[in-house]
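Biologist: I am new to this one. Please show me the model, and then let us go through it by question and answer.

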Amino acid sequence: MTNHQPSRRRVLAGLGAAGTAALLSGCVTSTSSSKNSSKGAVTLQSNLSAPQAKAAMEDMVAAYGKKDSGEVSLNTVAAETYRTQLPTYLTSANPPDVYTWYPGSVAEAYAKKDLLLDLDDVWDSPDLKRYSKALNSLCTASSGKKVFVPTTYYWWGMFYRKSNFAKWGVSEPKSWDDFLDLCDKLKSKNVAPIGLGAGGGTAWVASAWFDYLNIRINGAPYHRQLLAGQHRFDDPEVRKVFDRWQEVLPYFDPDGTAVAFQDATTALLNGRSGMMLIGTFFADAAPKDALDDIDFFRFPVIDAKVPLAEEAPTDGYFASARTGRRDGVADLMRYLATAEAQEIYIKGSSGTALPCHPDAKDAGTPLVQKGRRHIEEAAEITQFFNRDSSDAMQPAADTALTKFIAKPKEIGSILTDWQRDAEKIWKA
C-alpha cells in the first residue's frame with residue numbers, strides 16, 4: 001500500500017511446489033482432512049523457521065486439518081532464504097499458494113505486478129468484517145482490492161535480561177543522556193553495552209537503528225516520506241540521524257556485523273551484551289524458561305517536541321494470483337483470520353505476538369501487557385524499513401548501514417551512494 005500513515009488509532013482500533021527442494025529447510029509438514037481437494041493440497045510457504053514459531057505453525061495447520069476443509073502442505077523455509085527467494089516464488093510457473101509475509105508497502109509492490117490474489121471475498125467473512133479500519137486499510141492495495149490477511153502484530157524495543165541489569169546494578173534509562181550513561185556503566189563492567197546481530201544474513205536488523213533515530217529526530221511522517229522517495233537520503237535531516245548514531249556507535253558489540261541476530265540473542269541472554277534493539281520475534285529463538293526474565297524499555301526520546309512513534313509491524317498472509325486452488329486458498333485464509341487460529345499460534349510460539357482478531361486472547365504475561373501499553377501510548381506507528389518502503393529497498397539499506405557501522409567517517413559518500421541506489425529502485 002502506498003503512503004498510508006498509520007497512527008495509534010489506525011493500528012489499534014481493533015495487524016506448485018516451492019521452486020526446488022533445495023530451497024527448503026527444516027521439515028515439511030503435510031496435514032490433510034478426510035475431504036480431499038480435487039486440485040491437491042494448498043501449499044503454505046512459511047518463513048517462521050525459529051523452533052517455537054515453526055512448531056506453532058504446525059499446530060495451527062493441524063487444527064485446520066481437523067475441520068474437514070481440505071488439504072494443506074506447510075513448507076517451512078529458513079527465514080533469510082525465504083526473504084531472498086520470495087520474488088522467485090511469486091513469479092515461478094508453479095508457485096506456492098499462500099505465504100507468510102507483510103502488508104502495506106511490501107504487499108503493494110507485489111500487487112502492482114499482479115502477483116497477489118484478490119482477497120475481497122475472504123474479507124467478506126464474519127471475522128474479517130470485525131477487524132479494525134486500520135487493518136482494513138493496511139491490507140488494501142492502491143487498486144482498492146484486499147490483498148492481505150493480517151493475523152498478528154508485535155513491537156520493537158530495547159530488550160534486556162532483568163537478572164543481568166540487577167547483577168550489574170543498572171536500570172532502564174529515561175532519556176538519551178541516561179541511555180549514554182547506561183552504556184558507559186556497562187562498558188566499565190566489560191560488557192558490550194549494545195548487541196546488534198547484523199551479520200550472518202540478518203543485516204536488515206541494523207535498519208531498526210536508522211528507523212528509530214529518524215522517527216525520534218525527524219518524525220514518523222518525514223520517515224515515511226523519505227522511504228517513499230519524497231526526500232533524499234543525502235538530505236541534511238538524514239545526516240542528523242547519523243550524527244546522533246555516532247554518539248552511541250562506540251558502545252556497539254564489536255561483533256555486531258559479524259553475527260546473525262540469533263547469535264546476538266544468545267550473547268544477550270548469556271550476559272555478554274547488555275541490551276539489544278530488536279522485535280519480539282527474537283524470543284522465538286530463546287529458551288522458554290528465559291522469557292520471564294526478559295524485559296524492554298522504549299527507545300529513548302531525543303526531541304520531546306517530536307510526536308512519539310514506535311515500530312509495531314503487522315504480520316499475516318497473502319496468496320499467489322496464479323494459484324489453481326482459489327477455493328482452498330480462500331477457505332484457509334478465512335481460518336487464519338479467526339481468533340482460534342491466532343490463539344493457537346500465540347500459544348505455541350513464544351507468546352510475545354499480539355493477535356489482530358478483536359476477540360483473540362494474547363498470552364497475558366507482564367511482558368505482553370507492557371508491550372500492548374507501549375504501542376497504545378504511541379502517537380504514530382511505523383512498520384519497519386522494508387515494510388514502509390519495499391523489499392527491493394532493503395538491500396541498499398543493508399549496504400549503507402553496515403558500511404556506516406564499519407566506517408562512520410565515510411558517511412558523506414555512503415549517503416550519496418544510498419541515494420543513487422534508491423533512485424534506481426524507485427525508477428524500476
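Biologist: In which helix is the place of Gly 328?

Modeller: This is a predicted model, where local features need pLDDT of at least 70, side-chain atom pairs count only at pLDDT 80 or more, and totals for chains, interfaces and linings use all residues. Residues are numbered from 1 along each chain as its sequence is written, and side-chain values use heavy atoms, with hydrogens and water left out. Helices (H or I, at least four residues) and strands (E, at least two) are DSSP runs, numbered from the N terminus. On that count, Gly 328 sits within residues 326–336, which is helix 13.

Biologist: How does Gly 328 count by relative accessibility?

Modeller: Buried means under 20% relative accessible area, exposed over 50%, and partly exposed in between (1.4 Å probe, protein chains only). The value for Gly 328 is 23%, so Gly 328 counts as partly exposed.

Biologist: Which residues does Gly 328 touch, leaving out those up to four places away in sequence?

Modeller: Contact means heavy atoms within 4.5 Å. Val 72 is 256 residues apart from Gly 328 in sequence, and 8.7 Å apart in space, C-alpha to C-alpha. The residues that Gly 328 touches are Val 42 and Tyr 64.

Biologist: Is strand 2 largely enclosed or open?

Modeller: Strand 2 covers residues 42–46. On one side Val 42, Leu 44 and Ser 46 are buried, and on the other Thr 43 and Gln 45 are buried. Five of the five residues are buried, so strand 2 is largely enclosed by the rest of the structure.

Biologist: Which residue of strand 3 is the bridge partner of Gln 45?

Modeller: Two strands pair if DSSP finds at least two bridges between them. Strand 2 and strand 3 (residues 71–76) run parallel, joined by five bridges. In strand 3, the partner of Gln 45 is Asn 75.

Biologist: What is the order of the open sheet of four strands?

Modeller: The pairing in this sheet is mixed. Its edge strands, each pairing on one side only, are strand 7 (192–195) and strand 9 (294–297). The order is 7-8-6-9.

Biologist: What covers the buried residues of helix 12?

Modeller: Those buried residues are Phe 261, Ala 264, Thr 265, Ala 267, Leu 268 and Leu 269. After the helix comes Gly 271, with a positive phi near 80°. The cover includes helix 7 (162–168), strand 6, strand 8 and strand 9.

Biologist: Which helix gives the most to the lining of the second largest pocket?

Modeller: On a 1 Å grid over the protein atoms alone, a pocket is an open set of points where a 1.4 Å probe fits, with protein on both sides within 12 Å along at least five of seven lines; lining residues have an atom within 4 Å of a point. This pocket is lined by 43 residues, with Asn 47, Leu 48, Phe 281, Asp 284 and Asp 315 nearest its centre. Helix 3 (79–91) and helix 14 (339–348) are among the elements that each supply at least two lining residues. The most, four residues, come from helix 2.
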